[in-house]
Amino acid sequence: MLRIITARTNRQLNGMIIELSSRSESHRRQHLLAEQRIEHALNLLDGQDNDLARQLRAALKGDQL
């Protein structure tokens, strides 16, 4: 009986580990994509020198306005 419980518990734990690993990978990809989008937006703002461009640049970099 203990073997059945242990096997079932191991399957459940393995399933949870796989799910958490998958979630972690998904979050990592989302984070990387967000960083790439911010970098792209900053590149689009390069060369523009007006108040809106400065405010957007500061917001994208997390600077205080």
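Let me begin with a term: a polar contact is a pair of N or O atoms within 3.5 Å, in which, within protein, one atom must be able to donate a hydrogen and the other to accept it. The model before you is a predicted one.

With that term in hand, I turn to the start of helix 2, where a side-chain oxygen of Asn-50 comes to within 3.2 Å of the backbone nitrogen of Leu-52. Just after helix 2, Gly-62 adopts a positive phi of about 80 degrees.

Which residues of helix 2 are buried? They are Ala-53, Arg-57 and Ala-58. These residues lie on the same side of helix 2, because they cover an arc of only 130 degrees around the axis. The face turned away from that buried side carries the exposed residues Asp-51, Leu-52 and Ala-59.

Arg-57 is buried, yet it has no salt bridge. Its nearest side chain of opposite charge is that of Asp-46, 4.7 Å away, and a salt bridge requires a side-chain nitrogen of Lys or Arg within 4 Å of a carboxyl oxygen of Asp or Glu. Neighbours within four places in sequence aside, Arg-57 is in contact with Leu-42, Leu-45, Asp-46 and Gln-48.

Finally, I come to helix 1, residues 2–45, which contains Glu-19. Glu-19 is partly exposed, its relative accessible area being 41%. The side chains of Glu-19 and Arg-23 are joined by a polar contact of 2.5 Å. How far apart in space are Glu-19 and His-40, C-alpha to C-alpha? The distance is 31 Å, for a separation of 21 residues in sequence.

How values were computed: Residues are numbered from 1 along each chain as its sequence is written. This is a predicted model: local features need pLDDT of at least 70, side-chain atom pairs count only at pLDDT 80 or more; totals for chains, interfaces and linings use all residues. Side-chain values use heavy atoms; hydrogens and water are left out. Buried means under 20% relative accessible area, exposed over 50%, partly exposed in between (1.4 Å probe, protein chains only). Lys and Arg count as positive and Asp and Glu as negative; His and the chain ends are not counted. Contact means heavy atoms within 4.5 Å. Helices (H or I, at least four residues) and strands (E, at least two) are DSSP runs, numbered from the N terminus. The arc is that of the directions from the helix axis to the C-beta atoms.
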